Amino acid sequence: MSVKESLKDTGVRFSEATAGDFFALLKPRVMALAVFTAFVGLMVAPGAMNPVIAVIAIGAIAVGAGAAGSLNMWYDADIDALMSRTSKRPVPSGRVTPGEALGFGLVLSAFSVMTLGVLVGWLAASLLAFTIFFYVVIYTMWLKRSTPQNIVIGGAAGALPPMIGWAAATGAIGIESLILFLIIFLWTPPHFWALALFKAGDYAAAGIPMMPNVAGQASTRRQIFAYSLLLAPIGVLPWAFGFTSGFYGVVSAALGAGFIWYAWKVLVILDKEMKPAKALFAYSIFYLFAIFAMLLADTIAMRAFMSA
């Protein structure tokens, strides 16, 4: 008798999850965004960092972000099963058990925080631990199912990675890293509310109080536009505070104007197919990537110019 058959005879489930299933638990797209913004925070920070330590720091942040994703999928398996966007995730589809997702997330959480603390610095590790806790406990377990402000408050978790990268490089938290935090924090509501406008049926089926389902579409459109008006000037602050060049200032201002334009179309064009909301959602992804890519490119160019 094989080991697998023996386990079945004793009532023990032999995991049939593949490596790809466990990788999916990490929410790789969300993890990639966290890693990228953390890397930019690390690179923009003043001073030189040992390349090996920098790689360890980014690796630990990546693992920590993946751990938070796994714990989120463990807790949200019931509502994920009700939404078309998430029903095929590893836990609701049955490829990974809730216990496996929980254990996987807890082990990765401990490993990532300890690695970052011991090999890089305890301030960065503390911020990483707080990010995991905030995303899993404050956002996933509490805010997500209890208030339409879930994305506004919970967005703090997604905004912390550049601060973690900055802390890993400097051992401190500077005003510059707080500005990077603010950019992502103010970007999060219009980004997710645009998605919620054309996925309102999914959220209603799962009982999640997203803004369109609670306050209505008209109120959500107005709030999207209001947050866009706040976001655009915040995106220019790195230039205003002097840690990027005027070129970044011009490009970030143009990107912010584009965000306002797309948000304006969401506000004034009532389309049953939600084309303006879908366009804003796509542009918001481009906006955040472009802002942080410009921060990285501008920093590298300025340092090359200063050392020439």
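Author: What follows is a set of questions about the terms, each answered from the model.

Reader: What kind of model is this, and what is left out of the values?

Author: This is a predicted model, in which local features need pLDDT of at least 70 and side-chain atom pairs count only at pLDDT 80 or more, while totals for chains, interfaces and linings use all residues. Residues are numbered from 1 along each chain as its sequence is written, and side-chain values use heavy atoms, with hydrogens and water left out.

Reader: How do you know how confident the predictor is in the protein?

Author: The score to look at is pLDDT, the predictor's confidence in each residue, from 0 to 100. The protein averages a pLDDT of 92, and 95% of the residues score at least 70. Over residues 1-12, however, the pLDDT is below 50, and this stretch has seven contacts in the model beyond near neighbours in sequence (a contact means heavy atoms within 4.5 Å).

Reader: Why are α8 and α10 called oblique to each other?

Author: Helices here are DSSP runs (H or I, at least four residues), numbered from the N terminus, and their axes are lines fitted to C-alpha atoms over the stretch in contact, with angles from 0 to 180 degrees between N-to-C directions. The axes of α8 (residues 150-159) and α10 (residues 175-198) come within 8 Å and cross at roughly 130°. Angles under 35 degrees count as roughly parallel, over 145 as roughly antiparallel, 65 to 115 as roughly perpendicular and the rest as oblique, and α8 and α10 are therefore oblique.

Reader: What makes the residues of the contact of α8 with α10 nonpolar, polar or charged?

Author: Ala, Val, Leu, Ile, Met, Phe, Trp, Tyr, Cys and Pro count as nonpolar, Asp, Glu, Lys and Arg as charged, and the others, Gly among them, as polar. Among the residues that meet are Ile151 and Gly155 in α8 and Phe181 and Thr188 in α10. The residues of this contact divide into 11 nonpolar, three polar and no charged.

Reader: Why are α10 and α16 described as roughly antiparallel?

Author: α10 and α16 pack at an angle of about 160°, with their axes 8 Å apart, and they are therefore roughly antiparallel to each other. The contact of α10 with α16 has 18 nonpolar, two polar and one charged residues.

Reader: Which residues does Phe281 touch?

Author: Phe281, which lies in helix α16 (residues 275-307), touches His191, Ala194, Leu195 and Phe198, not counting residues up to four places away in sequence.

Reader: What makes α4 and α6 roughly antiparallel?

Author: The axes of α4 and helix α6 (residues 98-119) come within 8 Å and cross at roughly 155°, and the two helices are therefore roughly antiparallel. Their contact divides into 18 nonpolar, six polar and no charged residues.

Reader: How do you know that Arg145 and Asp76 meet in a salt bridge?

Author: A salt bridge is a side-chain nitrogen of Lys or Arg within 4 Å of a carboxyl oxygen of Asp or Glu, and the side chains of Arg145 and Asp76 meet at 3.0 Å, N to O. This pair links distant parts of the chain, with Arg145 in helix α7 (residues 122-146) and Asp76 in the loop between α4 (51-75) and α5 (77-80), 69 residues apart. A search of the whole structure finds six salt bridges.
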